Amino acid sequence: MAMASSSPSVLLKSPISPSLALHFHGGEFPKSQLWIRARPRTKFYCRNVVSAQSEVRREDIVIVGGGIAGLATALSLHRLGVRTLVLEQAESLRTSGTSLTLFKNGWRVLDAIGVGNVLRTQFLEIQGMVVKSVEGKQLRSFTFKDEDESQEVRAVERRTLLETLASQLPAGTIQFSSKLEGIQRTDQDEVKLELVDGSQLMAKIVIGCDGIRSPIARWMGFSEPNYVGHCAFRGLAYYPNGQPHEPKVNYIYGKGLRAGYVPVSATKVYWFVCYNSSSPGPKITDPAVLKQQAKELVKNWPSELLNIMDTTPEDTLIRTPLVDRWLWPAVSPPASSGRVVLVGDAWHPMTPNLGQGACCALEDAVVLARKLATALKSEAPSVEEALRSYGTERWPRVFPLTVRANVVGSALQWDNPVVCSVRNNVVIPKLVRLGPLLNHTNFECNAL
């Protein structure tokens with residue numbers, strides 16, 4: 001651990017010392033907790049950012065990260081009469097990316113925070129699922145309502161979801177261009193946050209919603225997410241005159257390679273190609289190269305997939321390595337330490353194989369909001385107890401889902417020809433039952 005005598009700090013890349021890790025695993029930090037710093041990027045601009053020369057700004061609750069988890073947590077607390085400040089490092093809402101699938105548990109949360117119906121009108125309800133071989137042969141089909149009458153599945157554009165959540169928040173809730181550089185616990189049991197522009201905030205409660213590579217999670221002693229051996233290309237095809245596909249999820253399974261597509265709206269179709277790779281590989285930002293690489297992987301696959309890829313605007317193409325973090329009991333740190341707590345991918349990143357990453361982040365948001373609001377409005381439980389209770393309640397939910405998503409993805413990425421043949425000719429057509437596989441989408445959530 002690198003230290004400077006005048007300003008104790010550790011680089012984000014530096015490992016955590018064993019002595020500090022013992023404190024982390026016990027769920028508490030020494031009050032003189034060292035700063036963790038990130039290298040500042042290029043200049044930022046936001047009309048709401050506090051000048052570096054001003055006094056330390058004080059806030060009751062600061063949410064770090066303006067993605068799905070952060071905005072859903074802010075809105076959940078707002079519905080319960082609790083004000084927050086959301087720090088987002090980007091200059092505006094992060095509207096890049098394609099779409100995400102929300103099952104009924106996600107929709108129940110969106111209904112509870114008052115935005116479900118606003119979103120339903122914009123996206124198609126998915127009726128079922130079709131599984132095919134690379135030759136185009138249908139292996140199995142399912143209808144969601146036949147398996148569970150209460151099931152609701154829609155693919156939602158990330159941009160629209162974020163804009164809808166943000167539109168329901170009071171003006172001034174989101175502070176853009178606010179990248180976290182340092183975090184420190186003070187002697188007054190507050191948390192000091194330093195931003196890359198030099199401004200500082202003192203918070204009574206900090207909620208880390210800062211994503212897969214969360215600096216706050218690292219500060220709390222969590223390990224880096226683990227690369228699972230697969231990468232995915234994703235895109236959002238656009239049909240200005242209307243897309244021609246039925247409202248079904250379509251999967252195509254090959255050897256060490258799979259793909260899928262699903263209609264999102266009347267004019268857009270989401271698709272992905274997932275492939276095995278021993279390493280994440282270099283980051284590629286040229287969309288033309290991304291499209292070429294994705295198409296090369298599936299060049300002899302069903303023509304409808306290739307046509308969808310051809311109809312994809314280049315600015316929607318992304319390639320990401322798939323990662324997760326298994327929250328082993330008695331090994332991983334708890335979700336909270338004092339008055340700092342994690343939500344969504346910052347705590348439990350999971351692979352997308354069950355379509356539960358965003359759904360679990362939404363669940364986290366309402367569970368945490370209810371417990372925190374109760375603690376703030378009464379003498380008991382204390383805020384610290386409320387945050388611990390949130391972690392205790394959510395861990396049995398998110399840990400098994402993280403493991404199951406990993407196992408499902410590994411099975412679907414088999415590259416052994418014999419195993420793939422058994423999967424496609426026996427397991428999928430004759431043995432798989434969809435109903436039990438969707439039990440994890442059951443989640444009760446009343447309106448806030």
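Trainee: Okay, leaving aside neighbours within four places in sequence, which residues is I428 in contact with?
Mentor: I428 is in contact with V131, L139, R140, Y253 and R423, where contact means heavy atoms within 4.5 Å. Keep in mind that this is a predicted model, where local features need pLDDT of at least 70, side-chain atom pairs count only at pLDDT 80 or more, and totals for chains, interfaces and linings use all residues. Residues are numbered from 1 along each chain as its sequence is written, and side-chain values use heavy atoms, with hydrogens and water left out.

Trainee: How far apart are I428 and R140?
Mentor: In sequence they are 288 residues apart, but in space 6.7 Å, C-alpha to C-alpha.

Trainee: Is I428 buried or exposed?
Mentor: I428 counts as buried, at 7% relative accessibility. Buried means under 20% relative accessible area, exposed over 50%, and partly exposed in between, using a 1.4 Å probe and protein chains only.

Trainee: And where does I428 sit?
Mentor: In helix 12. Helices (H or I, at least four residues) and strands (E, at least two) are DSSP runs, numbered from the N terminus.

Trainee: What does helix 12 lie across?
Mentor: Helix 12, residues 417–431, lies across strand 6, strand 7 and strand 14, and runs at about 20 degrees to strand 7. For angles, axes are lines fitted to C-alpha atoms, for helices over the stretch in contact, and the values run from 0 to 180 degrees between N-to-C directions.

Trainee: What's the order of the strands in that open sheet?
Mentor: The order is 7-6-14-15-16-13-17, seven strands with mixed pairing. Two strands pair if DSSP finds at least two bridges between them. Strand 7 (138–143) and strand 17 (318–324) stand at the edges with a single partner strand each, so one side of each has no neighbour in the sheet. On average, neighbouring strands of this sheet are turned by 20 degrees against each other, direction ignored.

Trainee: Which strands does helix 11 touch?
Mentor: Helix 11 (residues 383–412) packs on the sheet and touches strand 13, strand 14, strand 15 and strand 17. The direction of helix 11 makes about 80 degrees with that of strand 13.

Trainee: How many bridges join strand 13 to strand 16?
Mentor: Nine, and the two strands run antiparallel. As an example, C231 stands opposite Y275 in strand 16.

Trainee: Back to strand 6. Why is it called largely enclosed?
Mentor: Six of the six residues of strand 6 are buried, so the rest of the structure largely encloses it. Both faces are covered, with G128, V130 and K132 on one side and M129, V131 and S133 on the other.

Trainee: How does strand 6 run against strand 7, parallel or antiparallel?
Mentor: Antiparallel, over five bridges. The two form a hairpin with four residues between them, and G136 in the turn has a positive phi of about 95 degrees. With strand 14, strand 6 runs parallel, over six bridges, and K132 has I252 as its bridge partner there.

Trainee: New topic: what about strand 11, why is that largely enclosed?
Mentor: Five of the five residues of strand 11 (residues 191–195) are buried, so it is largely enclosed by the rest of the structure. Strand 11 pairs with strand 10 in the antiparallel sense over five bridges, and four bridges join strand 11 to strand 12, also antiparallel. K192 has Q184 as its bridge partner and stands opposite M202 in strand 12.

Trainee: Last one: at what angle do helix 2 and helix 10 pack?
Mentor: Helix 2 (residues 68–79) and helix 10 (residues 357–376) pack at about 30 degrees, with their axes 8 Å apart. That makes helix 2 roughly parallel to helix 10; angles under 35 degrees count as roughly parallel, over 145 as roughly antiparallel, 65 to 115 as roughly perpendicular and the rest as oblique. Residues making the contact include I68 and A69 of helix 2 and A358 and A361 of helix 10.
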